[in-house]
Amino acid sequence: MTLAFKTEKTEIESSHYHNEKADREESCNCYHPCTTISAYHPKKWYSKYDGLNLQNLGPFMVLPVTGSAQAEAMCFFEYISIKHLSEYCPCVSWRKTLIFFSQTVPSSRHAAIALALIHRNYMYRDSSDHVHQPQSSKDWPPDTAPLLHYNRAIHFLLNQSGDNTEITAVTLLVCYLFICFNHLAGNYVQAVKHLRGGVELSRNIDKAIVNNDSTYGDFKPSGFRTLICQVTRQIRRLDMQAVTFLVDWTPVDIRETFMSQLPPSDSSFWSLDQAADHLQTLVARVMRLRNTEQQMSVKMRPSLSSLKDIVLGQMETWSRLFNNTLQQGRSYETDSESYPLESLLCLQHTIACTLLSSCGPGREMDYDDFLPQFQQCVALAGDIAAARERYSRLEPTFTPEIGIVPLLYIIGVKCRHPIVRRDVLSILRRQPIREAVWDSISAARVVERVIEIEEGGSWDGQMIQSMEQIAVCQRIEDLSWVHVVSEQSATRLDITYTFCTREGMHIETLLI
């Protein structure tokens, strides 16, 4: 199961993407805006800085707002976009930091406005057949064009002054906002370039600054060092999660010494937030093992068994620590609109363990033994989706973080139980969800096609009654899809798959 993305001129594939730094100049010409902006009626516009530890910042002033369009965009960014950017692992101090720097630093201000404009357009566009059609950049009014503010952010970034800490902090923040912007614009190639650039920049930061993040201890850095700690953590989280859609991606923080960082197994995590950080490293290792296995011959695959046993042991240790944390009632920094992080962590852990445990000689038939786990995961995903709907009212949502969409996709293509599969489709179709490059509508379309192929033929298109009715030779084994985004034509999915125990590769195109 792999996923790749393609634009008109550039393609991200496992063997075709080189380690490039983000090119801010090139990004000016790589913008694919979305559809029409709907009217937005902002709440009273004001800033909230109470509780933010930002000493030694110098004589900053809140930047003036020129025009009602910018005021509305900043209001949207403060009240809507910021909450969506970290909705699965919400952090009050991170949100306040985003507000502060978008109000006081010119490059961050314009990057935030650009993101808010394209985010507002994504959320409030028509839910008709045009929902997946990009809008030409020349159709935007001059003062509300996201690309205008995107380019201004680049201009101020390239001409910023200050000490190295200040320049590094602001550059990382703008890089993070550009990653989010390009995901929403459908420019996935540029989003990955900015992610690579942000990861490379964060690697050169003093380790003491990053490791002393106040999330886990009493050390409380201030000013731009606070920003560096927080934005580096966000970028490294995105770095870990990129293995769900880039086959050859190796996150920086995957280390063989990982277990030495865990608390003793009879202990607990400081918080659910810390548990999430450790789990995403484990999930990334699981996905790397799966991706490596798919690229190896059948004869070479058994050589990975010892590595799988090690990671499974690490997953068991994490589970004990997690359960101890829940029993002690530890929480994490959040607010009243947070998602049930506990449910998300259980969902991610269960799917990762299932993927790692279902690689026996039975191949695709092995997944039938994990029906209880799949049913539990669908119930958890339903709870998380319901929590999202309580405040988003089924409007399209976006976050750069990975949440439930790729997990539901995995269940939909690997669990052959007809009811479970239909429940997956129901959740994916209920609300348009974008998580980094993952799109719930596209994922649902691929799952639907897999169901058509595996349940078709002798069953005359009727829903099967049990998993056993799908013979091993009818089961799709290796499936990948490329998301092709174009301003000139409809968005499409190019899928490639093979059947278990059968030779030959099949290629199809699905229109969205």
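A cavity here is a set of grid points where a 1.4 Å probe fits but cannot get out. By this rule, the predicted model has four cavities of 30 Å³ or more. The tour visits two of them and then turns to salt bridges.

**Stop 1: the largest cavity**

Select T244, V283, Q348, I402 and L407. Of the 31 residues that line the largest cavity, these lie nearest its centre. The volume of this cavity is about 380 Å³.

Next, colour the elements that give two or more residues to its lining: β1 (2–6), α8, α9 (272–295), α11 and α13. Which of them gives the largest share of the lining? Helix α9 does, with seven residues.

**Stop 2**

Clear the selection and pick I179, H183, A191, V192, L195, L238, Q241, A242, F245, P400, I402 and A436, which line the second largest cavity. Its volume is about 80 Å³. Residue I402 was also in the selection at the previous stop, among those nearest the centre of the largest cavity.

Helices α5 (164–185), α6 (188–203) and α8 each supply at least two residues of this lining. The largest share, three residues, comes from α6. By class, the lining of the second largest cavity has ten nonpolar and two polar residues, and no charged ones.

**Stop 2: E401 and R237**

Move to E401, in the loop between β3 (397–399) and α13 (405–414). Show its side chain together with that of R237, which sits in helix α8 (residues 223–241). The two side chains meet in a salt bridge, with an N to O distance of 3.3 Å. The partners are 164 residues apart, so the pair links distant parts of the chain. Are E401 and R237 buried or exposed? Both E401 and R237 are buried.

This is one of the salt bridges in the model; a search of the whole structure finds 20.

**Stop 3: K414 and E364**

Select K414 in helix α13 and E364 in the loop between α11 (341–357) and α12 (371–392). They form a salt bridge whose closest N and O atoms are 2.9 Å apart. The pair links parts of the chain 50 residues apart.

Why does K414 count as buried? Buried means under 20% relative accessible area, and K414 has a relative accessible area of 2%, so K414 is buried. E364 is buried too, because its relative accessible area is 4%.

Together with E364 and K414, they are linked in a network of salt bridges.

**Stop 4: E389 and R430**

Finish with E389 and R430, which form a salt bridge with closest N and O atoms 2.6 Å apart. At 35% relative accessibility, R430 counts as partly exposed.

Terms used: Residues are numbered from 1 along each chain as its sequence is written. This is a predicted model: local features need pLDDT of at least 70, side-chain atom pairs count only at pLDDT 80 or more; totals for chains, interfaces and linings use all residues. Side-chain values use heavy atoms; hydrogens and water are left out. A salt bridge is a side-chain nitrogen of Lys or Arg within 4 Å of a carboxyl oxygen of Asp or Glu. Helices (H or I, at least four residues) and strands (E, at least two) are DSSP runs, numbered from the N terminus. Buried means under 20% relative accessible area, exposed over 50%, partly exposed in between (1.4 Å probe, protein chains only). On a 1 Å grid over the protein atoms alone, a cavity is a set of points where a 1.4 Å probe fits but cannot get out, and a pocket is an open set with protein on both sides within 12 Å along at least five of seven lines; lining residues have an atom within 4 Å of a point. Grid points are joined across faces, edges and corners, and a volume is the space filled by probe spheres set on the points. Ala, Val, Leu, Ile, Met, Phe, Trp, Tyr, Cys and Pro count as nonpolar, Asp, Glu, Lys and Arg as charged, and the others, Gly among them, as polar.
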